[in-house]
Amino acid sequence: METQFRDIVIVKDSVEPIYQQLARYFRQQIESGRLAPGDRLPPSRDLAQQLGIGRISVVNAYAQLQEEGLIASHAGRGTYVTGGRVLPRAHESASRVLTGVPNLPMREMTRLAQQPGVIAFNSGAPPEEFLPVEALRHALNLVLDRDGAAAVAYEEAEGYPPLRAGITEYVSSLGIRCHPDDVLVTGGAQQALDLAVQTLLREGDVLVTGNPTYLGILDIAHIRRVRVVGVPLDAEGLRLEALETALREQRVGLIYTAPTHHNPTGTVMPLHRRRQLLTLAARYGVPILEDAVYHELGYRGAPPPPLKALDEDDLVIHVGGFSKILLPGTRIGYVIAGGTLREQLARVKQAADICTPSLNQRAIHVFLANGMLVGHLNRVRKELRERCAAACTAAQRHLPPGSQWEEPGGGMYLWVRLPDDGPTAAELYVTAVQHGVAYAIGTLFHTDGSGGRHIRLNFAAHPPARIEEGFRRLGAAWHAWQETYAPTVRRAPIL
Ligand SMILES: Cc1ncc(COP(=O)(O)O)c(C=O)c1O
């Protein structure tokens with residue numbers, strides 16, 4: 001049977017060649033099971049016509065998929081899915097086979113979401129109205145008046161010393177005891193994660209992460225050629241029996257986890273599991289990379305202390321930053337690690353960019369030193385609580401029956417599973433944008449291509465009335481898709 005591929009999105013002025021976009025689309029369809037062995041792909045001429053692209057692009061896409069063993073052509077019978085791709089070895093079944101550049105779909109999604117009038121819930125950024133621009137202006141002026149040229153000169157690779165001391169004091173309020181020498185200031189938390197991966201892992205080594213997980217850690221693993229093993233999550237975060245299986249069966253070099261207000265699920269790991277995780281990591285002697293960028297964004301009581309605060313074996317490398325809680329564009333993050341590891345991280349940092357801009361470090365230091373951060377965070381938490389409540393009410397009102405989500409107690413995201421009897425997140429995407437709303441597709445956050453029915457909505461991005469309208473549009477898009485396409489689309493099980 002020949003399927004109508006109505007959800008293909010081709011971005012003609014993309015940096016990704018059209019044939020690769022097309023190959024990526026079919027690869028995802030095959031790997032997610034939407035296209036099964038024996039299914040026929042449309043003739044290249046028909047597909048080119050349907051998409052308004054040159055036939056040669058379709059021919060090239062098919063050639064690439066054929067080379068990968070995913071499809072085969074038979075003269076006179078057309079092009080079929082083979083299902084013949086080499087599967088991961090049994091002990092790697094949870095791992096991601098890293099093909100393609102995983103962040104490209106995100107970029108294309110972002111471009112579509114940026115069209116005028118679209119209520120975009122797809123980003124990972126705090127909204128502009130949360131950013132304290134006037135206070136920043138004051139801090140920058142103060143720093144320039146006070147420090148002059150020193151504020152725009154090279155800085156020590158480890159960071160502006162008063163900021164390192166300020167971060168030490170700040171994290172002590174979260175329960176972390178460390179010395180300013182243990183703190184390395186980085187270009188956002190993203191660089192901190194990357195430095196840790198570069199320092200602790202070699203090409204081909206294994207990084208364990210939750211599945212789903214933060215997209216940025218998957219990007220780093222891909223670029224650094226590190227193998228990713230995904231461990232399932234439950235309502236309390238990483239499932240430890242699955243983690244232990246991975247630790248037993250693989251030579252794991254590093255465990256990445258975001259235990260508090262996890263992106264994308266919003267999960268908070270309770271104290272007892274934090275302790276069990278530390279015990280397990282100690283038993284296998286594997287360091288933990290703790291990503292705490294959302295730790296302070298709890299609006300239903302304080303979360304348990306960070307892993308680093310409970311760490312008695314010096315196994316935890318703690319990453320935090322000021323993007324989600326203050327000013328993302330200043331790109332100030334930090335990593336806390338003891339002794340020689342911190343020195344190694346600083347060497348890799350120096351090789352990457354010499355130092356983090358001194359002016360920005362000094363401005364953030366002003367926020368810490370004069371208590372502005374605390375007041376700002378209280379306002380942000382209050383606003384987030386209201387936006388979260390608005391999102392949950394709007395989800396109840398507008399999302400299709402059978403949609404599932406947990407109300408988060410912190411962070412910026414609602415993680416929704418769409419009902420089984422409708423479109424996947426990718427199928428719905430273009431219709432949603434046409435209805436004026438955008439979200440992030442669940443598969444992007446997964447290590448194994450699953451999550452096709454999940455969407456992540458950044459409710460922090462809009463005030464309550466816009467959230468209500470955005471969710472209304474999303475519900476309308478879902479129903480419109482059902483009415484238009486449901487009768488013609490063959491349903492296959494989606495993980
Ligand atoms: C879980 C997580 N870690 C790290 C980062 C990167 O933060 P930064 O902007 O400080 O580099 C993000 C940003 O979205 C994130 O969601």
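Helices (H or I, at least four residues) and strands (E, at least two) are here DSSP runs numbered from the N terminus, and two strands pair if DSSP finds at least two bridges between them. Two bridges connect strand 16 with strand 17 (residues 454-458) in the antiparallel sense, and A440 stands opposite R456 in strand 17.

The structure is a predicted model, in which local features need pLDDT of at least 70 and side-chain atom pairs count only at pLDDT 80 or more, whereas totals for chains, interfaces and linings use all residues. Residue numbers start from 1 along each chain as its sequence is written.

A further open sheet consists of three strands in the order 1-3-2, and its pairing is antiparallel. Strand 1 (40-41) and strand 2 (71-74) stand at the edges with a single partner strand each, so one side of each is left without a neighbour in the sheet. Helix 3 (residues 55-67) packs on this sheet and touches strand 1, strand 2 and strand 3. The direction of helix 3 makes about 115 degrees with that of strand 2; axes are lines fitted to C-alpha atoms, for helices over the stretch in contact, and angles run from 0 to 180 degrees between N-to-C directions. Contact between two residues requires that their C-beta atoms, placed from the backbone, lie within 7 Å.

The pairing of strand 1 with strand 3 (residues 78-81) is antiparallel and comprises two bridges. In strand 3, R40 has Y80 opposite to it, while the bridge partner of L41 is T79. Strand 2 and strand 3 are likewise antiparallel, with four bridges, and H74 has G78 as its bridge partner in strand 3. The hairpin of strand 2 and strand 3 has three residues between the strands, and G76 in this hairpin takes a positive phi near 85 degrees.

Helix 2 (residues 44-51) contains A48. This residue counts as partly exposed because it has 19 C-beta neighbours inside 10 Å; a residue is buried if 20 or more other C-beta atoms lie within 10 Å of its own, exposed if 12 or fewer, and partly exposed in between, with C-beta atoms placed from the backbone. Apart from its neighbours within four places in sequence, A48 is in contact with I53, G54, R55, S57 and V58. Between A48 and V58, the separation is 10 residues in sequence and 6.4 Å in space, C-alpha to C-alpha.

Strand 7 (residues 206-211) is largely enclosed by the rest of the structure, because six of its six residues are buried. Strand 7 runs parallel to strand 8 (residues 227-234), to which six bridges join it, and N211 stands opposite P232 in strand 8. Together with helix 8 (residues 215-223), these two strands make a right-handed β-α-β unit; a crossover is right-handed if, with the strands pointing away from the viewer, the path from the first strand over the helix to the second runs clockwise. Strand 7 also pairs with strand 10 (residues 252-257) in the parallel sense, over four bridges, and L254 in strand 10 is the bridge partner of L207.

Most residues other than glycine have a negative phi, and most peptide bonds are trans. A cis peptide bond with omega of about 10 degrees joins N211 and P212, and P212 lies in the loop between strand 7 and helix 8. Another cis bond leads from N263 to P264, with omega near 15 degrees. The loop between strand 10 and helix 10 (271-284) holds P264 and also H261. H261, although not a glycine, has a positive phi of about 55 degrees, and it counts as buried because it has 26 C-beta neighbours inside 10 Å.

Around the ligand there are 14 residues, the closest being G124, G188, A189, Q190 and S323; a residue belongs to this set if its C-beta atom, placed from the backbone, lies within 6 Å of the molecule. Helix 7 (residues 188-200) gives the most to this shell, with three residues. The shell comprises five nonpolar, eight polar and one charged residue, where Ala, Val, Leu, Ile, Met, Phe, Trp, Tyr, Cys and Pro count as nonpolar, Asp, Glu, Lys and Arg as charged, and the others, Gly among them, as polar.
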